[in-house]
Amino acid sequence: MKVDYKKLSLPEPAEIGLMRGDDRDFVFDVYDTTGIAVAITGATITFTVKTAVDGTSVFAKTVGSGITISSDPTNRMTVAVDPSDTSSQDPGEYRYDVQLVLSGYTVTVAHGRFIIAGEVS
């Protein structure tokens with residue numbers, strides 16, 4: 001099936017987060033505006049967390065460096081956040097997005113608030 005990448009859907013902002021210094025895997029699935037899964041094999045993907053939308057980068061992940069694209073289903077990616085990504089950050093609200101480049105088309109497939117919570121222990 002031929003996919004019109006201009007019809008990839010931009011979901012509503014979503015809040016994700018973790019305790020400072022914890023491991024966490026975030027899973028994202030990519031669909032077009034009609035709800036059909038879009039295969040992302042071969043895509044360039046960047047997951048970025050910043051202090052604010054136009055703020056300083058806190059950390060970023062790319063395919064092969066924290067992002068894994070699933071072979072089944074082919075529209076799924078997993079972003080692995082390591083303890084070192086957040087251990088030196090102040091607890092609080094940050095911003096994230098996931099940008100995908102495929103077949104020459106660039107689209108943001110997820111975005112929203114990224115919460116780093118303070119740990120007790």
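A residue counts as buried when its relative accessible area is under 20%. Thr-86, at 0% relative accessibility, is therefore buried. The model is a predicted one. Its chain holds 1 helix and 8 strands, and buried residues make up 32% of the 121 residues.

**Overall fold and dimensions**

- The order of elements along the sequence is β-β-β-β-β-β-α-β-β.
- The radius of gyration is 15 Å, close to the 14 Å that the globule rule gives for 121 residues, so the chain is as compact as a globular protein of that length.
- The C-alpha trace spans about 50 × 25 × 20 Å along its principal axes.
- Of the contacts with a separation of 6 or more, 64% are between residues 24 or more positions apart.

**Surface and charge**

- The accessible surface of the chain is about 6800 Å².
- Carbon and sulfur atoms account for 48% of that accessible surface.
- There are 10 positive and 16 negative side chains in the chain.
- The centres of the positive and negative sets lie 6 Å apart.

- Strand 3, residues 44-50, pairs with strand 4, residues 57-63, in the antiparallel sense over 5 bridges.
- Strand 3 is joined to strand 4 by a hairpin of 6 residues.
- Val-49 has Phe-59 in strand 4 as its bridge partner.
- Strand 4 also pairs with strand 5, residues 66-69, and here the sense is parallel, over 2 bridges.
- Val-63 has Ile-67 in strand 5 as its bridge partner.

**Thr-86 in the helix**

- Thr-86 belongs to helix 1, which covers residues 83-86.
- Setting aside residues up to four places away in sequence, Thr-86 touches Leu-18, Met-19, Arg-20, Gly-21 and Asp-22, together with Phe-59, Val-81 and Ile-116.
- Among these contacts, Phe-59 is the strand 4 bridge partner of Val-49, and Met-19 is part of strand 1.

**Met-19 in strand 1**

- Met-19 is located in strand 1, residues 16-19.
- Its relative accessibility is 31%, so Met-19 counts as partly exposed, a class that lies between the buried limit of 20% and the exposed limit of 50%.
- Beyond its neighbours within four places in sequence, Met-19 is in contact with Thr-86, Ala-117, Gly-118 and Glu-119.
- Met-19 and Gln-99 are 80 residues apart along the chain, and their C-alpha atoms are separated by 24 Å.

**Thr-46 in strand 3**

- Thr-46 is a residue of strand 3, the strand that pairs with strand 4 in the antiparallel sense.
- With 26% relative accessibility, Thr-46 counts as partly exposed.
- Not counting residues up to four places away in sequence, Thr-46 touches Lys-61, Thr-62 and Ile-67, and also Asp-97, Val-98 and Gln-99.
- One of these contacts, Ile-67, is the strand 5 bridge partner of Val-63.
- The C-alpha atoms of Thr-46 and Ser-87 are separated by 21 Å, and the two residues are 41 apart along the chain.

Notes. Residues numbered from 1 in each chain as written. Predicted model: local features only at pLDDT ≥ 70, side-chain atom pairs only at ≥ 80, totals over all residues. Heavy atoms only, no water. Helix = DSSP H or I, 4+ residues; strand = E, 2+ residues; numbered from the N terminus. Rg over C-alpha atoms; globule rule 2.2 N^0.38 Å. Buried < 20%, exposed > 50% of the residue type's maximum accessible area, 1.4 Å probe, protein only. Contact = heavy atoms within 4.5 Å. Areas by Shrake-Rupley, 256 points an atom, 1.4 Å probe, with all protein chains shown as cover. Lys, Arg positive; Asp, Glu negative; His and termini not counted. Charge placed at Lys NZ, Arg CZ, Asp CG, Glu CD. Pairing = 2+ DSSP bridges.
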